[in-house]
Amino acid sequence: MHLYNLTLQPPTTATQAIVGNFSGSRTQEIIISRGTRLELLRPDVQTGKLSTVIASDVFGSIRSLAAFRLTGSTKDYAIVGSDSGRIIILDYDPKSSSFVKLHQETFGKSGARRIVPGQYLATDPKGRSVMISAVEKAKLVYILNRDAAANLTISSPLEAHKNNAIIHHIVGLDVGFENPLFAALEVDYSESDQDPTGEAFNNAEKMLTYYELDLGLNHVVRKWSEPTDPRANLLVQVPGGQVASTDRFDGPSGVLVCCEDHIIYRHMDRPQHRVPIPRRQHPLEDPQRGIIIVTAVMHKMKGAFFFLLQSEDGDLFKVTIDHEEDEVKAVKIKYFDTVPVASSLCILKSGFLFVASEFGNHYLYQFQKLGDDDNEPEFSSTSYPANGMANPATPLPHAHFRPRPLDNLALADELESLDPIIDSKVMNLLPNSDTPQIFTACGRGARSTFRTLRHGLDVEESVSSELPGIPNAVWTTKRREDDEFDSYIILSFVNGTLVLSIGETIEEVQDTGFLSSAPTLAVQQIGADALLQVHPQGIRHVLADHRVNQWSAPQGMTIVTATTNKRQVVVALSSAELVYFELDLDGQLNEYQDRKAMGSTITALSISEVPEGRQRTPYLAVGCEDQTVRIVSLDPESTLETISLQALTAPPSTICIADMLDASINKTQPTTFVNIGLQNGVLLRTVLDPINGQLTDTRTRFLGTQPVKLVRVQVRKNPAILALSSRSWLNYTYQNLMHFTPLIFDNLDYAWSFSAELSPEGLIGITGSVLRIFQIPKLGMKLKQDSIPLSFTPRKFICHPKERFFYLIEGDHRVLGEEAANKRLQEMRQAKQHIDNEMLDLPPELFGRPKAAAGNWASAIRIIDPVEGKTIQTITLDNNEAAFSLAFVPFSTRNNEVHLVVGTAQDTFLSPRSCTSGFLRTYRFTQDGVGLELLHKTETDDVPLAVMAFQGRLVAGVGKALRIYEMGKKKLLRKAENKTFSTAIVSLNTQGSRIIVGDMQESIHYAVYKAPENRLLIFADDTQPRWIVAATMVDYNTVAASDRFGNIFVNRLDAKISDQVDDDPTGAGILHEKGILMGAPHKTKMLCHFHTGDLITSIHRVSLVAGGREVLLYTGIHGTIGILVPFVSKEDVDFISTLEQHMRTEQGSLVGRDHLSWRGYYVPVKAVVDGDLCETYARLPGSKQSSIAGELDRTVGEVLKKLEQLRVTASGF
C-alpha cells in the first residue's frame, strides 16, 4: 500500500502573530504562525478587511516568531525559532510574493528539546541583537548589523547559559542606544533536585535576571538578578532610553512582571510598583481562584505609550505608567473591553487591534477610543502602601470591575477558523448536492460551533428579480470604451430582445438602436464609442450618433453563433461557413472577401480580447459537430487558414479563449488558454502556443451532467471564466496560481460580468426566469462554512441511521452545570446575600462562564438538523454528569429497534482519571428522532470512553475493560468481559465478530467474540506502544489510526492469521497460544507511517467525488483537513516518489528543517508521499522545473498535469 498525502484545508489556528512593515511599504502587515505554516495578512485600512497575501508551508514546527528592524531602516524582518535547531531570518519579497531566507544559523540538534534554543525569542527594540532561548539552561545572543552593501549580517552566537535553570519567559529591554539588555524569568532547580523532602522545591525562588550584551567586548554578562513573585509568568517591555535630539526620556525602561493576581513594575535599582489585576464580580466566581495574564501588547505613540494586557477570561486591561523622565510615579490599570482569549495581540498604527484567538475565529477590531474618558474604575499603585510593595508576599485587596459589551473597540473583520476540530463526519445530506459535505464539531467552551463545510466559493447576492419570460442569455455593455461602469443589460428571449438601462433604477429602454424583435447572439461595445448586436438575421453596428449600419445574412441562411472583441467579429452561418469582419481605423466594420467553409456544422466560436498595443488577436477557435476544434488564423498574411486541429470525445457546446496568469506555466505573463466545453459535461483546458498556434497540454475535468457553457468574466480586475453545467464553476487566478472552484449558488443558465456603482466587481446571471446580480467576496476559499452555535465544548457526534439528524454530546470541565449553579444561587438567596443579576445575564459566548473547581462538569446532549442549520433539542445532564461517548444500537432483543446509548460519568477527574460512578444511559427515539426518552441508566465502575453497536448488542470500553451488554428491562445486562487492557479503551470499530480496540497508550488491539463460549479474546496487537486518538478500519484486516504526536499510520494483520482465528469456533486455539513480547500471540505489520504535524482527531474512509476512488480523510486539532489517496499503479508510485526526492533537495524548508526527518519525526516515514511538497513544484523557477522534469523523462506540463490529476480525481478540489 502506498499513499499520497494532500492537505485540503491548511491549519487555521494562530499560535503567534507579529506586526511590521514586512514589504517595506508604508502599510503594516501581520505574519501569523499556524504551527507548520506562515501566512502574511494585509489589512485594508479603508474597508477594515484582512486579505491573505501569501501562505507558505514550512515543513517544520514553528515555536516562536519575532519582528525586528535595523536602526534607521523602513523594512521589518521576521525571525523564526523552530524545531530545526537553527535560527532563521526571513524577508518578504513583494516582487516574487514569497518569503526569502536571508540567514540560517545552526546552533543545536533538531527536534523540540528541553535545552535546544528556539522556544523563546526576544529582540532589542533598536534592532541590534536578538536572544533565542530554550526552556532550560540555554540562551544564545546574536548581533545583527548591516554590511557595506546595506545587507543584513548576523554574528556568531554568544552564550548566556545558566545551568539548572528553567526559563519561563524572556524579553528585550528598551534602553535606547546603551548596551542591549535582555530580561529573563528563571528558576534554579539544582537544590530541588537534590532534596528528597520537597522543602527546597517549595522555597525555590523565581529570579528576574538581566543579561547585558557588551557591544565593545562582544560578550554577554549577567548584570543583575533579584527574586520576584514566584507566580510570575510573563514579562512585558516598558519603553525607555533617551531621545537622541533632546535629553527627554521615552519612558522609564524596565519590565512589567505579570504574576497571579498582580502586575509589578521592576527595573534595576528602582522602587517597585504593584497593582492588582481587576476581577469580575460574578456571584458564582470562586474568590480564591487566581487570575493570570495570558498575552500582552505595548503600543507607543508620540510622547506616550500604553499596554493592553489580557486575562485568561478574555478581559483586556489598559495599563499606563505615570513617569517623570526615567522615574516611575504610578502604575495604573483599568478595564478596557472583553475579546476572545488570544495567543497574540497586535496593535496596528492605523488604529486596529488584531486578536489571534487561541480557539475559534480570529478578529480584527478597530479602536473607537482609548478608554480615557469613561467612568471605569482605575486602580493605581499609589493608592496602596509603599506603591503596593509594603508586604510583597501577601496579596493586595481584590479590585473589581463589571464586564460590558464592546465600547472602546468595534469589530471590523473576522477570519474563519476551524481550530480545534474535535470530531467530524463526511456525508452527503444536503439536497441537490452531488458531493459530500464535511460536518465538524469545533471550538472550545461557550464559543464552540458545529460547522457544515461545503466545497466551493461563497456568493453574496445583491439583486434577485423576476423577468416576464425565460431568457436564454444575458449581457452587459458600456456605451463608450472609457466608461467606468456598464450602461445596459441586454436579455435575449426566444422571440425578442429586451434592453434595460442601469441608473438609479434598472428600467427598460427602446431607443438604443438594438433590434428588439429577434433574439440576440452576441453584444459588444466596439471601437471607441459604438455598439454591436449580432442576431440570427445579421449584424447591427450602432454608432455613437444612433446611426445603424446593417449587414444581413445571405438569403436562406442564418447566423448560428458568433464571437466578438473590441475590433473583430466572426460569425458562423447555418451553411457551415465563417464570415470575418474587422474594424478599420475609421470605425467601419469591413467583411473579409473570402468565406471559409468548415465542412461540418459549427457549434462554437471564440476569439480572445485584443492584446494591448495590437490591432487584432491572431487566432480563432472553431468547434464543429464532427467532434473537432480547429485553430484558424486571423493574421492578414494567412487569413482563415486552419493552423491546428484537436479531436474531442463529444461535440463541443462552447469555446472560450482567455489570457490568464498561471505561475506554474509562466511566471511573468499570462498564458492563453483555450477552454472547450463539451455536450457531455466535460471541460477541456488546452494551452494555445502564441507563436505557432498549436494546442498543447490538455487537461480534462467533469463539471456536471448538462452541456457546458463558458463565459469570460472579470473578477478583481483579472480575467476569469465561469463554466456553467449542472453546477456553476469559476476558473480564476489567486496568488498567481490557477484555481477552479464551484460556486455555492443556484445553477445559472447564463451569466456575464456586471459593473455598476453599487457593485463594481459583480456578476449577473439568470436562473430560469429570475435575474440575479451577485459578487464573490472571498477568493481562494476552498470550503464555505455555515455554523450553528453550541453551549459547551463538543466531544463527539453521530448521524441517525434513518433520519437526517446529528446527535452531539458536549461538556466542559471546571464549569458549573445549570442545576448546580441554580442550587448555589438558591443557597446564596437563603443566606440573604446580594446577587448581581446583571452579571448572571452576561452572554456566555462573549464573556465565557465562571470557572469552578476541578471535578465540576456542565454537559448536554444536542440534536441538530444540519439541513435547516439549527438545533432541534438540547437535553442537559444533571447530577454533575458529563457525557464522553455515544452510539446507536439496534438491540436484537427489542426487534432491532434503534436506541441511543450515551456513556457518562459523575464527578469525573481527568488526571488521574477517576469518577464516583459511570453510567450507560439508554434512550428511545420519539417523534421520528426529534425527541429522546430515557429508558434506564446502567451503572459502571469507570468512565465509558467508547461505546458501539455489535451484533444486536452493545460493546463498551469502560476504563480498562471491554464489555458486551444486552438490553434488559431495568438496565443493560453485562454478558461478556475482557479486562486485560493496560490503560483505557478510547476507540472501537467492528466488522463481523471482530472488534478493533484502540487503547489510550498501547496502540491497536484486535479482539474477537466467540459466541459458543461467550468469550472476548485478544488475538493480535501492535509491536509499538502508541497513544491512540482516532482509528478506522480500511478493510477487514487493516486499520488506519492516529496518535497524540501528530502521526498517522496503517497497520495490517496477516490474512493467514486472520483466517485461522475466524475458523476457530470456540477460540480455544487463541487461548492456548503463547503471547509474544508480553502481549497477544500475533502482531500486526506497519504498512504506512506519516507525521502530519497536527494531532489527528478523526479519520474516515470516504469517496469525495461522485464515482471517484475512496480516500482516507482526516481532520486535525489545528483545523487541518487532509486526505490520504491510495496509488493505483506501481509506475505512479515510482514517478511521484522520485519527484518527492527531487523536491526535497530543491525546495528547502523555510525554517531549515530536514523534510525527511520532519515527516518521520517519531518513526521513519513509510510508503507515504508528501503531496504538499510535490505541489510546491508549481512555484519553482522555470529552470528548476525543467531540470527536474528532465530527470523524470517528462515535460514540465506532464508533471503538473499528473499532480493536478491526483488532486482532482481524489478530492475534486
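I am working with a predicted model.

**Entry 1: salt bridges**

I began with the total. The count comes to 72 salt bridges.

I picked out arginine 231 first. Arginine 231 forms a salt bridge with glutamate 260, and their closest N and O atoms are 3.0 Å apart. Where do arginine 231 and glutamate 260 lie? Arginine 231 is in the loop between β18 (219-228) and β19 (234-237), and glutamate 260 is in the loop between β20 (255-258) and β21 (262-266). The pair therefore ties together parts that are 29 residues apart in sequence. I also checked how open glutamate 260 is. Glutamate 260 counts as partly exposed because its relative accessibility is 24%, which falls between the 20% and 50% cut-offs.

Next I looked up arginine 454. Its side chain meets that of aspartate 786 in a salt bridge, at 4.0 Å from N to O. This pair links distant parts of the chain, 332 residues apart. Arginine 454 sits in strand β36 (residues 449-455), and aspartate 786 in strand β66 (residues 783-789). Are the two partners buried or partly exposed? Arginine 454 is partly exposed, with a relative accessible area of 27%. Aspartate 786 is partly exposed too, at 30% relative accessibility.

Then I went to glutamate 285. Its side chain forms a salt bridge with that of arginine 289, at 3.2 Å from N to O. Both glutamate 285 and arginine 289 are buried. I followed shared partners from there. They join Glu285, Arg289, Glu312, Asp313 and Lys851 into one network of salt bridges.

**Entry 2: two helices**

I turned to helix α8 (residues 1130-1146) and helix α12 (residues 1196-1211). They pack at an angle of about 110°, with their axes 12 Å apart. So α8 is roughly perpendicular to α12, because angles from 65 to 115 degrees count that way. The crossing of α8 past α12 is left-handed.

Which residues meet here? From α8 I noted Asp1132, Phe1135, Ile1136 and Leu1139. From α12 I noted Val1199, Lys1202, Leu1203 and Leu1206. I sorted the contact residues by type: 6 are nonpolar, none is polar and 2 are charged.

Most peptide bonds are trans, and most residues other than glycine have a negative phi.

I found a cis peptide bond from aspartate 419 to proline 420, with omega near -5°. Proline 420 is in the loop between β33 (409-415) and β34 (421-427). Serine 911 and proline 912 are also joined by a cis peptide bond, with omega about -10°. Proline 912 is in the loop between β72 (897-906) and β73 (917-926).

Then I checked phi. Aspartate 261 is not a glycine, yet its phi is positive, about 70°. Aspartate 261 lies in the loop between β20 and β21. I count aspartate 261 as buried because its relative accessible area is 17%, and the cut-off is under 20%.

Alanine 386 is not a glycine either, and its phi is positive at about 50°. Its place is in the loop between β31 (378-380) and β32 (400-401). Alanine 386 is exposed, with a relative accessible area of 53%.

**Entry 3: one distance**

I ended with glutamate 827, found in helix α3 (residues 818-830). Glutamate 827 is partly exposed, with a relative accessible area of 46%. Glutamate 827 and glycine 855 are 28 residues apart in sequence and 20 Å apart in space, C-alpha to C-alpha.

Key
Residues numbered from 1 in each chain as written. Predicted model: local features only at pLDDT ≥ 70, side-chain atom pairs only at ≥ 80, totals over all residues. Heavy atoms only, no water. Helix = DSSP H or I, 4+ residues; strand = E, 2+ residues; numbered from the N terminus. Buried < 20%, exposed > 50% of the residue type's maximum accessible area, 1.4 Å probe, protein only. Axes fitted to C-alpha atoms, helices over the stretch in contact; angles between N-to-C directions. Parallel < 35°, antiparallel > 145°, perpendicular 65-115°, else oblique. Left-handed = near helix turned anticlockwise from the far one by under 90°. Contact = heavy atoms within 4.5 Å. Nonpolar A, V, L, I, M, F, W, Y, C, P; charged D, E, K, R; others polar.
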